[in-house]
Amino acid sequence: MGRPDLLQPQLLQKQLELSYIKGSNGKVATEENEKLLLLYRKLKKTLAKRPGDILGYSLLVKTCLTLNKYSEARLAQEKVLFLKKSTSNIDDYALLMDTYLIAAGGRFSIEASQMLKEIRNKYPLNENTQFFVALEHLERKKYQAAVEVYKKLQSRSILKIEKLILLENKLKNIGYSN
C-alpha cells in the first residue's frame, strides 16, 4: 500500500516546528493565561539558577504545553530525560514523543524516529511504543503495517482511549474502515 513517489521527506524537528509555528498565526495569550505566563517566567528564572531541577523541568513541560509553547515543552522534556538518565520510564519517553509530534504539527521528525528506535529497544511491547510505531508507519505511508498495529492495540484494549481514537481517525483519513 502507498506509492513511494508520494512519500514526504522526513525532516529535522526544528524544520517541522518552524513550519508549524508559521502556520499557527502566532497565537496570542489571553487574560486567563496572564497568571500562568507570570508563573512561567518565574519558573524559567528559577531553572536558570537550578539547572538540575527535574521537578522544575517537569513543571515547565506542563506549563509550556498549556501555553502552546510546544517547541519549548519538547526541549524541557528532553532535559527531564537527560537529568533522569537511567531512571527514566516509558511515561517520560511517551511524553517526549507526544511533544515531538505536537511541536511538529503531527509529523514525524528524524529525531522522533531516532527516539522511537531507542524506545522500541527499551519497551518493545508497551502499548505507547506500539502507538507511536503505528503513527510512524502512517507517516511513512506503510498503511498495512499501521492497520496491523492498530488491530493489536484495539484487541488488547490497553491503550488510552484518546490515543486509540486518534489512531483510528488517522486510519479513516486514508480510507480504512473497521
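Is Tyr-93 buried or exposed? With a relative accessible area of 4%, Tyr-93 is buried (buried is under 20% relative accessible area, exposed over 50%, partly exposed in between, using a 1.4 Å probe and protein chains only).

## About the model

This is a predicted model, where local features need pLDDT of at least 70, side-chain atom pairs count only at pLDDT 80 or more, and totals for chains, interfaces and linings use all residues. Residues are numbered from 1 along each chain as its sequence is written, and side-chain values use heavy atoms, leaving out hydrogens and water.

## Tyr-93 and Tyr-123

Searching the whole structure turns up 3 aromatic pairs (rings of Phe, Tyr and Trp, the last by its six-membered ring, with centres within 6.5 Å; planes under 30 degrees apart are stacked, over 60 edge-to-face, the rest tilted). One of them joins Tyr-93 and Tyr-123: the centres are 6.2 Å apart and the planes sit at 55 degrees, so this pair is tilted.

Tyr-93 belongs to helix 5 (residues 90–103), while Tyr-123 is in the loop between helix 6 (110–122) and helix 7 (127–139), so the contact ties together parts 30 residues apart in sequence. Helices here are DSSP runs of H or I, at least four residues long, numbered from the N terminus. Tyr-123 is partly exposed, at 23% relative accessible area.

## Tyr-150 and Tyr-176

Next up is an edge-to-face pair: Tyr-150 and Tyr-176, 6.0 Å centre to centre with 80 degrees between the planes. Tyr-150 comes from helix 8 (residues 143–156) and Tyr-176 from the segment after helix 9 (161–173), which links distant parts of the chain, 26 residues apart.

Tyr-150 is buried at 0% relative accessibility, and Tyr-176 is buried too, at 17%.

Definitions and conventions
Helix = DSSP H or I, 4+ residues; strand = E, 2+ residues; numbered from the N terminus.
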